[in-house]
Amino acid sequence: MALIELQIQPGIDKQNTTKGAENRWIDSDNIRFRYGLPEKVGGWSSLVNESIVGVVRSQHPFLDISGNRYVALGTDKFLLLYFEGQLYDISPFDSSRQQTSCTLATTDDSTSVTITTGSAHGLAAEDIILLDSVTLPSGTGLSASNFEDKTFMVVTVPSATTFTITSTAAAGATVSTGGSTTVEFFTKVGPQKQTYGYGWGVGPWGGTVSTAATSTINEGAEFANNDTTLTLTSGTAFPSSGTIAIGTELITYTGKSTNNLTGLTRGALGTSAAAHADGATVTDASDFSGWGTALPANQTTLEPGLWSLDNFGEVLVATIANGETFTWNPSAASRLSVRASKSTTNFSTSNNPTASRITLISPTTRHLIHFGTETTIGTTSTQDDMFIRFSVQEDINTFTPTSTNTAGTLRLQDGTKIMGALKAKESILVFTDNALYTMKYIGSPFYFGVEQVGTNCGLIGRNAAVEVDGIAYWMSTKGFLLYDGTVKTLPCAVEDEVFDNLDKTKGQQVSAGLNNLFSEIVWWYPADSDFNNKGVSYNYAESANVPGGVWALSTESRSSWMDAKIYERPYATKFNTSGTGTFPVVQGQVGLGQTKYFQHEIGTDQVNEDGTVTTVTSNIKSYDYDLQAQGGPGEKFVSVSRFIPDFKNLNGNANVTLSVKRFPSQTETSSTNSPFTITSATTKKDTRARGRYVSVQIANTAANESWRYGTLMLDVKPDGGR
């Protein structure tokens with residue numbers, strides 16, 4: 001008998017067959033490679049006792065001048081702060097939309113409450129509002145405390161001036177209207193997920209635009225398929241002529257008289273005329289794009305709600321993607337109860353562009369830079385996705401260039417839109433969907449200059465790039481790349497596994513994270529899913545001498561990641577689309593999902609916000625090791641009678657499975673007694689396995705287990721002919 005060692009290189013190889021991946025691991029989950037050896041990743045523990053409403057896709061740590069630590073968290077609905085174990089809501093209100101003297105209506109034994117506004121509210125289902133100065137109509141059986149200073153999700157939008165919410169208690173009577181309340185509108189961030197496609201089959205056709213006015217048919221009878229006038233419950237918010245959508249039918253009209261639309265053309269833009277019930281929803285479709293035509297995909301992209309987060313000294317600067325910029329000052333009185341605003345004292349952003357894709361503060365000169373912004377400040381229709389505008393140095397609210405200031409503008413050429421911007425060692429890296437530019441401060445008279453350093457290397461999403469030690473790493477739609485002065489393709493032995501399953505239409509949801517403690521970069525991405533559900537990691541410190549690089553795969557997902565900076569360990573967020581968040585408290589929420597906030601690299605498992613523990617399992621599987629060489633090339637089968645496990649670290653148990661097969665294409669068979677339970681005291685395990693090829697799998701299935709695997713030694717001998 002001969003005792004042989006299986007020496008396996010670090011990293012997963014999914015490009016080859018299980019036999020062709022000679023001397024490599026071929027699959028993994030929740031493992032990393034350290035010092036060339038595979039080990040289970042560290043555990044994670046909830047940072048707070050609540051879960052967050054919606055999906056978090058941005059985190060930014062910063063300090064105030066007193067040394068207090070904060071993390072800003074941007075969701076698809078809110079802007080939050082994490083401050084020493086607690087969450088705080090600092091979401092900005094859209095003060096321009098505030099409505100006062102709104103009335104309320106209730107229905108007996110129902111929690112549904114209808115609010116009527118004085119003018120068009122522009123709300124859509126799942127928008128967030130807050131009620132203030134509430135006076136209820138008499139006889140409802142409810143208390144003002146059920147509504148006062150509470151946050152609600154809009155449930156339905158019956159018309160341009162009405163919407164419904166869900167009360168905390170059922171009404172005791174039907175009251176048609178009355179009372180009074182002020183409605184505060186949370187500033188809209190964006191959709192929870194990215195939608196991307198061609199023509200009217202995606203976006204406006206199958207759903208709604210969040211600001212589109214709606215009403216209902218008020219004919220008193222069915223609206224027939226050949227009627228050329230239409231009476232609405234309210235026509236206030238509809239233009240004098242345009243297009244409406246009822247069900248799957250588009251209708252153009254040429255005139256409006258109060259609530260009556262006239263000059264109707266039925267079944268417009270390739271749709272079919274149909275009869276519609278009285279009370280059916282009518283949506284203003286005048287501003288929708290792509291009706292009846294197959295547009296290029298990039299014209300119908302609805303990007304998800306995203307934030308750019310940075311700090312100007314101690315002041316948080318927060319920009320909604322394709323929206324406005326707000327600030328929050330930690331030195332303000334009662335700071336944790338103050339909302340981010342465009343009018344923060346001494347840090348106003350009232351003169352900033354109102355539509356920008358990305359913002360950041362330049363690292364050395366402290367300019368506020370807007371990427372993909374307006375050519376005319378304050379006019380959103382002039383937003384140019386390739387246009388850059390920067391403020392006066394040390395002044396985040398002055399953008400008009402003069403001969404005596406340092407404000408200015410630039411425009412990039414290669415690509416259709418700026419996808420991301422990253423602070424690097426000596427410059428700012430600006431990614432478009434096709435190219436990479438460096439942006440550097442060059443002084444008077446232009447102040448910033450750009451140089452194109454790469455093409456056909458576009459970024460897949462704004463959060464899909466990281467920088468470490470002067471080198472940038474990012475995911476494109478075609479592969480992984482790095483920039484160290486030259487753009488290079490990153491060798492990737494799991495490329496097919498990632499990019500064959502990646503939903504490239506949701507690239508803005510991809511999240512990259514740096515875990516510097518373990519020399520890892522991790523990309524979490526949606527694999528045939530609406531949300532991130534897979535992860536792939538790259539060890540940049542151990543990849544130099546390994547063909548294809550040191551990569552690992554995971555079925556864990558994160559929507560955002562923050563490396564250990566002001567805190568000792570990385571912080572990350574995990575989104576569950578079917579969960580219900582508890583912070584902020586949103587009355588009547590349905591379908592908003594839930595994000596959990598974790599501290600990573602602590603313990604061995606997942607500790608939830610309620611203190612319960614979810615086991616973190618892990619596994620890694622090797623290539624098919626060719627045993628034939630031990631008994632003659634192809635002449636003999638080989639048997640394995642025992643193996644000697646070798647673990648560098650082992651806490652609890654590890655399960656080791658030996659599997660054998662005769663031919664590479666055959667389904668493998670576990671050896672006798674597999675899986676074997678291995679402890680730190682295990683010296684050897686006896687087994688009976690016979691075949692040409694053997695593979696090994698190491699896994700853990702229970703809580704409080706961790707391991708680092710070393711070398712497997714097998715006792716083999718020839719065992720019969722073919």
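Gly220 is placed in the loop that connects strand E18 (214–216) with strand E19 (230–231); helices (H or I, at least four residues) and strands (E, at least two) are DSSP runs, numbered from the N terminus. The model is a predicted one, in which local features need pLDDT of at least 70 and side-chain atom pairs count only at pLDDT 80 or more, whereas totals for chains, interfaces and linings use all residues. Residues are numbered from 1 along each chain as its sequence is written, and side-chain values use heavy atoms, with hydrogens and water left out.

Gly220 is exposed, its relative accessible area being 68%.

An open sheet of 3 strands has the order E25-E26-E27, with antiparallel pairing; two strands pair if DSSP finds at least two bridges between them. Strand E25 (307–312) and strand E27 (325–328) each have a single partner strand and stand at the edges, so one side of each is left without a neighbour in the sheet. On average, neighbouring strands here are turned by 25° against each other, direction ignored. The axes behind such values are lines fitted to C-alpha atoms, for helices over the stretch in contact, and angles run from 0 to 180 degrees between N-to-C directions. Strand E26 (residues 315–320) runs antiparallel to E27 and is joined to it by 4 bridges. Val317 has Thr327 in E27 as its bridge partner.

Another open sheet is formed by 4 strands in the order E28-E29-E30-E31, again with antiparallel pairing. Its edges are strand E28 (358–361) and strand E31 (408–411); each has a single partner strand, so one side of each is left without a neighbour in the sheet. From one strand to the next, the twist averages 15°. E28 and strand E29 (residues 368–371) run antiparallel and are joined by 4 bridges, and Ile361 stands opposite Leu368 in E29.

The description now turns to the interior. In soluble globular proteins, nonpolar side chains tend to be buried together. A nonpolar core is a set of buried Ala, Val, Leu, Ile, Met, Phe, Trp, Tyr and Cys residues joined through side-chain atoms within 4.5 Å. The largest such core has 74 residues, of which Tyr473, Trp474, Met475, Phe480, Trp523, Ile698 and Leu714 touch the most other members. Apart from neighbours within four places in sequence, Tyr473 is in contact (heavy atoms within 4.5 Å) with residues including Ala464, Val468, Leu490, Trp523 and Tyr540. A second, separate core contains 22 residues, among them Val48, Val71, Ile128 and Met153.

Asp503 belongs to the loop between helix H1 (495–499) and strand E40 (511–515). Asp503 is buried, with a relative accessible area of 18%. Its side chain makes a polar contact of 2.5 Å with the side chain of Thr505; such a contact is a pair of N or O atoms within 3.5 Å, where within protein one must be able to donate a hydrogen and the other to accept it, and residues adjacent in sequence count only if both atoms are side-chain atoms. Leaving aside neighbours within four places in sequence, Asp503 is in contact with Pro526, Asp528 and Ser529.

Cysteines complete the account. A search of the whole structure finds 0 disulfides, a disulfide being a pair of cysteine sulfur atoms within 2.5 Å. Cys457 is in no disulfide, and the nearest cysteine sulfur, that of Cys492, is 17 Å away. Cys457 is buried at 1% relative accessible area, and Cys102 is buried at 0%.

How values were computed: Buried < 20%, exposed > 50% of the residue type's maximum accessible area, 1.4 Å probe, protein only.
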